[in-house]
Amino acid sequence: MNFTPVSLSVALCLMMLSVVVGAAGLTVAVRSWAMRRNALVHPSDRCSHTIPTPHGGGIAIASMSIILGVLFSVLDWVPDSSMLAFISLGFMMLALGVWDDFGDVSAKLRLCAHFAVVIVGMWSIPRLPVFSLFGMEVDSAVAFLLWPLLVLSWVWLINLYNFMDGIDGLAAVQGLVLFAGMALNFWYLGYGQWAWICLFILAAVLGFTILNWPPAKIFMGDGGSGFLGFIIGFMMLLSAAQTSVSMWSWIILLTLFIADATTTLIVRFITRQNVFAAHRLHAYQKLTVRFGGRHLPVTLGYGAVMLFVLVPVSWLANRVPFSGPVLFVVLFTVASVVMLKLGCGRLDKTEN
């Protein structure tokens, strides 16, 4: 059957709506199961919430995204080999996250699993992207030498996304704005299929966000946050290899998460804290305390910066050749300075 562009767009929009409904329904089902099993996250000195709340809602995001991987392959939007790796590795990330949410996974085992998944994921990309740094291009042959850096960065992305999932709606809003911003970038440069890929994943995140919006009825959990870190890294590398959209656009849209997690970690390391111990010293958590424990103002604030600052700058990274690294460094520096002023990584007197 032949579809006109209009009828195809209508069909894809209806499919997106079904993804939103499916993700929301699955989130409700997970919440109901968690409530029956008393699988709740209880308030503690290291948490930013005040009432016991079920977790594991990110299972809906991961499950719908894995199903979408099959759709993307059937529509021939991405290479079958890459989607096979995405589906299998995505399932592994989901299983690991669920095990961590409802069981007990050691930090070493979890980190080793992340490295294994990322290394296989790197091999599944048809070719490494061509990197542009301050006007100089690094071709794929030389870029192979950057594998260790790419692997470490991807593993860090998976973990920092988990670190930033600490208040209602924040990690979900980051996902929504990221995929919306990248859809705009892909459309701007004429990559309609990749724009639809981003919108479909956005729909999966949106279905979960409905129940995660402050005050959250359910938390994302490691099954969702780790998976989102994985899928963002995967899509970033695959799209950079297949399109001319700057990989820096993805990185710029992640600036607040990268700056908050990285700056907090560095401060904690310099001040000789146990960097593996749980804490609530991120800038967004410090802001939550300043707002009297209310999550909504912080989530909306981060979302506003992402939408009105980072999305336009991510577009600029494509509009002005070779500007991506400079734009990211400027944004990262400004964000880090602000977060340092908020006291990220530093123990308060009551926490010593």
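A surface patch, in the sense used here, joins residues with over 30% relative accessible area and no salt bridge, nonpolar side chains being linked within 5 Å. In this predicted model, one such nonpolar patch covers about 500 Å² and is formed by Val6, Val10, Leu14, Leu17 and Val21. Leu14, one of these residues, lies in helix 1, which runs over residues 5–36. Its relative accessibility is 56%, and Leu14 therefore counts as exposed, since the threshold for that class is over 50%.

The C-alpha trace spans about 60 × 50 × 35 Å along the principal axes. The radius of gyration is 20 Å, which agrees with the value near 20 Å for a compact globule because the chain has 352 residues. Of the contacts with a separation of 6 or more, 75% are between residues 24 or more positions apart.

The interior may be considered next. Buried residues account for 53% of the 352 residues. The largest nonpolar core contains 106 residues, and those touching the most other members are Phe179, Phe200, Ile232, Trp250 and Tyr302. Helix 8, residues 192–212, contributes the largest share of this core, with 14 residues.

Definitions and conventions
Residues numbered from 1 in each chain as written. Predicted model: local features only at pLDDT ≥ 70, side-chain atom pairs only at ≥ 80, totals over all residues. Heavy atoms only, no water. Patch = residues over 30% accessible without salt bridge, like charges linked within 9 Å, V, L, I, M, F, W, Y side chains within 5 Å. Areas by Shrake-Rupley, 256 points an atom, 1.4 Å probe, with all protein chains shown as cover. Salt bridge = Lys/Arg side-chain N within 4 Å of Asp/Glu carboxyl O. Helix = DSSP H or I, 4+ residues; strand = E, 2+ residues; numbered from the N terminus. Buried < 20%, exposed > 50% of the residue type's maximum accessible area, 1.4 Å probe, protein only. Core = buried A, V, L, I, M, F, W, Y, C linked by side-chain atoms within 4.5 Å. Rg over C-alpha atoms; globule rule 2.2 N^0.38 Å. Contact = heavy atoms within 4.5 Å.
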